Amino acid sequence: MPASNSSKILKPLPPSPSLESMSLLLLFFLFSFILHAPPTTYATSVVHGYGDKQVFDLKKFRWTQQQTDTLNCFHQRSRTEKSATILELHHRDFCSEPISDWNQILQKHILSDQIRVNSLQSRIKTRLSNGFNQQLSQAEIPLTSGAKLDTLNYIVTVGLGGRNLTVIVDTGSDLTWVQCQPCSSCYNQQEPLFNPSESLSYKSVLCKSTTCENLEDATGSSGVCGINSSSCNYYLSYGDGSYTRGDLATDNLVLGATPVKGFVFGCGRVNDGLFGGVSGLMGLGRSALSVISQSYNVFGGIFSYCLPSVTDSGPGSLILGGETSVYKNSTPISYTNLISNPMMSTFYFLNLTGVSIGGVSLQDPSFGKRDILIDSGTVITRLFPSVYNVVKSEFLKQFSGFPKAPAFSILDTCFDLSGYEEVDIPTIKLHFGKEAELEVDVTGVLYFVKADATQVCLALAGLSDEDEIGIIGNYQQKNTRVVYNTKDSTLGFATEKCSSD
């Protein structure tokens, strides 16, 4: 593959150049022009930046029709290693049926992501305005990208009431729920509906119990007594119009091979929205009804995940428990404190103290003074407007000379990279607290709006105003071991190849 000469510096010509040297110089510029001319087919050129950079292989991200066995994605493996429970984790697009129009899928993800962010911002503002909290052993579970979901991205398989169910995992939610029989109105799912009558351990939660009262913290809505029933009814809505309504119940949950008896969950009887073909959702938030809180006696309030890229053929993992020896990280884990916010206590907040692009440390008055939310369900990271502006400016300074492309939705820094097989892109590092650092994987820097690379954008966005809450999205968390320790109130990052392929 010929190398680009864009990063070379030409020295001044001597006063009396020879005919031979002038001919060589002419050939040099002609060859350089050919390399960078927009081709009608994919060129084999490489463009280099400067500073700290990493090679981005564009060929790997030019999608063709996918041939994934969707059924296998909904029967993921799990295992117990030492004292850890490990669940396979997949990205939704990896588990989808063959996709013929990747442009539609890629663009839909961004549009749906903005709906989720609007919902999060609304929930946070409601909590702040009301002045009180509202919704918003070791086990490893395979973590997969959920194929047909439009707002949340990663799925795992768990056991409930004696059978396996595939659910979305979401750190921005607390209540776990699944669709149940009989169902008044349910969306289509690939697995059979959960049937409470087939489980000997299923029990309804009473409406005047403490468990029912905990619903307000977990969902933003108080539990109510069912019609002609003493059971606790729940209702949970999402910002995109999706919702679930049903009975609060308990049953035995199995994570890998580890049981969690008397697990409280929602048995959804009326459900609709952008949940795709999965059976429900598993909440990894911090309220009393989240999986993390309910399994605290087993796993000590510690969990971690490693999110695979959609182009990875193998799964990532969701690990429950504090056994760090089962991690496959290639760099040490750097920890920072979780920020306590009494008004939004179910979310995970960090203190953003800096950003560096290509080894250049950026300056902004907000660093160290603003908290930022880390979320497994949001796709694209949202930065405070002032921070985003300096990030964008420095990135364009280091990633220059490429054809521009139109903006798309929230992504306003876009390029036409269809003429390149590889590009060198500057590294992006987010700094938290005194020592923690999240180095964004090379697959998390640029987002393909079009599968043929004619519209590839910087995968970061600015918030609409400075008063909104910043969010670290899952696109920038790929190939990173993210460790949540709710007992010590810390969060850690380490580089890890999430997929074993």
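A residue is taken as buried when its relative accessible area is under 20%. By this criterion, buried residues account for 57% of the 501 residues in the protein chain of this predicted model. The accessible surface of the chain amounts to about 20,400 Å², and carbon and sulfur atoms contribute 53% of that area. The secondary structure of the chain comprises eight helices and 33 strands.

In soluble globular proteins, nonpolar side chains tend to be buried together. The largest nonpolar core of the present model contains 91 residues, among which Leu255, Met282, Ile380 and Phe432 touch the most other members. When residues up to four places away in sequence are not counted, Ile380 is in contact with Ile110, Asp113, Ile410, Leu411, Tyr447, Ala459, Leu460, Ala461, Gly473, Tyr475 and Gln476.

Helix H8 spans residues 385-398. The distance from the first C-alpha of this 14-residue helix to its last is 20 Å, close to the 20 Å expected at 1.5 Å a residue. Its buried residues are Pro385, Val387, Tyr388, Val391, Glu394, Phe395 and Gln398. An α-helix has 3.6 residues a turn, so residues three or four places apart point the same way.

Four strands form an open sheet with antiparallel pairing, in the order S23-S24-S29-S28. Strands S23 (404-405) and S28 (446-448) are the edge strands, each pairing on one side only. Within this sheet, strand S24 (residues 414-415) runs antiparallel to strand S29 (residues 456-458), and two bridges join them. Cys414 has Cys457 of S29 as its bridge partner.

Leu160 provides a further example of a buried position. This residue lies in strand S7, which covers residues 154-160. Leu160 counts as buried because its relative accessibility is 4%, whereas the cut-off for burial is under 20%. With residues up to four places away in sequence not counted, Leu160 touches Leu165, Val178, Phe194, Asp251, Asn252, Leu253 and Phe265. Leu160 and Thr250 are 90 residues apart along the chain, and their C-alpha atoms are separated by 9.8 Å.

Terms used:
Residues are numbered from 1 along each chain as its sequence is written. This is a predicted model: local features need pLDDT of at least 70, side-chain atom pairs count only at pLDDT 80 or more; totals for chains, interfaces and linings use all residues. Side-chain values use heavy atoms; hydrogens and water are left out. Two strands pair if DSSP finds at least two bridges between them. The expected span of a helix is 1.5 Å times one less than its number of residues. Buried means under 20% relative accessible area, exposed over 50%, partly exposed in between (1.4 Å probe, protein chains only). Accessible areas come from the Shrake-Rupley method with a 1.4 Å probe; for residues, only the protein chains shown count as cover. A nonpolar core is a set of buried Ala, Val, Leu, Ile, Met, Phe, Trp, Tyr and Cys residues joined through side-chain atoms within 4.5 Å. Contact means heavy atoms within 4.5 Å.
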